[in-house]
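Hi there,

Here is the structure I promised to pass on. Have a look at it first, and then read my notes below.

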Amino acid sequence: MKTFILAFFVVFIGYISQPDSLFEYPSYFPEPSYNFKENILDSTKIRLGRILFYDPILSKDNSISCASCHSPYNSFAHTDHSLSHGISDSIGNRNAPALFNLAWQDKFMWDGAINHLDMQALAPISHSGEMGSSLSEVVSKLNDSPNYIKLFYKAFKDSTITGAKVLKALSQFQLTLVSANSKYDKVQKGEQTYTEQEKNGYLLFKKNCDVCHTEPLFSTYQFASNGLPVDSTLNDAGRWKITARKEDSLLFKIPGLRNLSFSYPYMHDGRFNTLKQVLNHYTSEINHMPNISRELKEQKISLNSNEKIDLIAFLLTLNDPDFVFNKKNHFQTF
Amino acid sequence: MKISGLLIFLFFSFTFKLSGQKTGIVSFTPTIEKKSMMINKPFNLDSISFQITNLKYYISDFSILYKGKLVASSSQKYNLIDFESVEKSQFTVNFWENLPFDIVTFKLGVDSLASISGVYEGNLDPMNGMYWTWQSGFINFKLEGISPNCLTRQNKFQLHIGGYQAPFNMMREVVIPVNHKGKNEIIIELNLETLLAYMFKNKIFNIMSPGQKAVSIADFFPTIFSIK
């Protein structure tokens, strides 16, 4: 009997240790792929991760923070810049992707080089063209900061700052970046209805786009070649560099399509500034390279100008201003 | 009654364990043609001069067997060996006093499960410099140094051997047959001469990613360890 009570107590504590209020999503979303049991959300850790996210202490010369290229007002992308920026005015070779709904993703970066959200921040921290630092250098600087020592103690009950704690805290904040309150979501919940134009755009979307940009996340988060000609100034081979498999040449991660109004320019190299340019690519500018995605090979996307406008009207229903302008995600200091 | 019997059994088991077990040390020592290799000290191999500046690797699932049965193991699944200092080039295991053993076995590297499961504290903390930053995966074995024979920038050689996905999974199992009575120290030599000779002969001075070159180095691992 005592054993039963103890077991019940343990299960009960386990249940309440992941407060639902810290991570909410609609019932029509799939189960997240992130293993929260290994990094149980906690408000003090989320706050710590949020402070770290906005702090340029993560860069070698204390000039660049995560938010420098992942601005909250741009759905955590970098509007107006086709390629990411780094320390000493360096410019990278990829477009900073928008950050939301990361708990449903298990590969990160345009080429899927990173296999876990906890490890993602290592890449920009260490890249010479981004933050130009190292995790050990960051940890050393944080251990010199009484403010951070206090925050880490509060979050982890341990004042010794380690690389693992830094990365877990950053994950905690980023996991809370859930975008799920767009007009599309409100229609799903029966709170709003589409206009006739949006309705037609939705039908066109389902016919032409949904197989790769699958609802409700609007991506399968797999890798595909969408027929973009190679930019000879970058010569970016995409996922091939990671897997060394020829068939992965020029494959890039399929992005989610939420918040497009806030996160232009589009594509891995930020080559398109408008959605119209994107649709023109898919309807008439595709480079039919050998490993283009099966979907684009088998079905030509054909849209007249009215249909393009309708499709864009639907895509704009995926904007989530409640997410973009939510103060709980914005700049935070000690 | 049953519970009190169990408690008595556990008490005596624990007491017996304390009297029968000792903490032993497993230490690693790098050698080149039977001579101890020191970090940052000049060495010669087949008239090629060089210095090793950094040598670190992961040892997983360290076990000691006798007639196929486990008699001792490391309490930590993953140990990081770093020849920067003596303390970092050894770890402890629990030995049964006077118990013989005939096999020492371990894996060189980190398994795929740990490689895909996010961040860990301690030996696997990426802060240790044994995790790639540009793509996910542990560096199982890191060998860095300088030699005038390396026609590379600053005459450096850097072998970062890692990767967990087929066909470039770099973890290798090492099995060393031995004939020992129970003792509280095991010294494992890492005999570097064949690996270094291969590196210089084939001019493989930079490996920073999983691939065929890394496989050619990793395939040395099962044969370059021996017990002193």
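**Two helix pairs in chain A**

Helix α2 (residues 43-53) of chain A and helix α7 (residues 146-156) of chain A cross at roughly 150°, and their axes come within 8 Å. Before you go on, keep in mind that this is a predicted model. The crossing of α2(A) and α7(A) is left-handed. If you want to find the place on your screen, look for T44(A), K45(A), L48(A) and I51(A) on the α2(A) side, which meet L151(A), F152(A), K154(A) and A155(A) of α7(A). By class, that contact has five nonpolar residues, one polar and two charged.

Now for the other pair. Helix α12 (residues 275-285) of chain A packs against helix α14 (residues 305-316) of chain A at an angle of about 125°, with 11 Å between the axes. Because of that angle, α12(A) counts as oblique to α14(A). Here α12(A) and α14(A) make a right-handed crossing. The residues that meet are L275(A), K276(A) and L279(A) from α12(A), and K308(A), L311(A), I312(A) and L315(A) from α14(A). Sorted by class, the contact of α12(A) with α14(A) comes to five nonpolar, no polar and two charged residues.

You'll find P265(A) in the loop between β2 (252-253) and α12 of chain A.

N259(A) is not a glycine, yet its phi is positive, near 65°. M267(A) isn't a glycine either, and its phi is about 80°. Is N259(A) buried or exposed? It is buried, because 22 other C-beta atoms lie within 10 Å. M267(A) has 19 other C-beta atoms within 10 Å, so it counts as partly exposed; the cut-off for buried is 20 or more.

Chain B has a cis peptide bond as well, between A166(B) and P167(B), with omega at about 5°. P167(B) sits in the loop between β10 (156-162) and β11 (172-180) of chain B.

**Chain B as a whole**

How many helices and strands are there in chain B? There are four helices and 14 strands. Chain B has 228 residues, and 32% of them count as buried. If you take the contacts in chain B between residues at least 6 apart in sequence, 73% join residues at least 24 apart.

**Where the chains meet**

The contact between the chains takes 20 residues from chain A and 16 residues from chain B. On the chain B side, seven are nonpolar, seven polar and two charged.

**How confident is the prediction?**

The model scores ipTM 0.85 and pTM 0.89. For chain B, the mean pLDDT is 90, and 89% of the residues reach 70 or more.

Cheers

Technical notes
Residues numbered from 1 in each chain as written. Chains lettered and ligands numbered in written order. Predicted model: local features only at pLDDT ≥ 70, side-chain atom pairs only at ≥ 80, totals over all residues. Contact = placed C-beta atoms within 7 Å. Nonpolar A, V, L, I, M, F, W, Y, C, P; charged D, E, K, R; others polar. Axes fitted to C-alpha atoms, helices over the stretch in contact; angles between N-to-C directions. Parallel < 35°, antiparallel > 145°, perpendicular 65-115°, else oblique. Left-handed = near helix turned anticlockwise from the far one by under 90°. Buried ≥ 20, exposed ≤ 12 C-beta atoms within 10 Å, placed from the backbone. pLDDT = per-residue confidence, 0-100.
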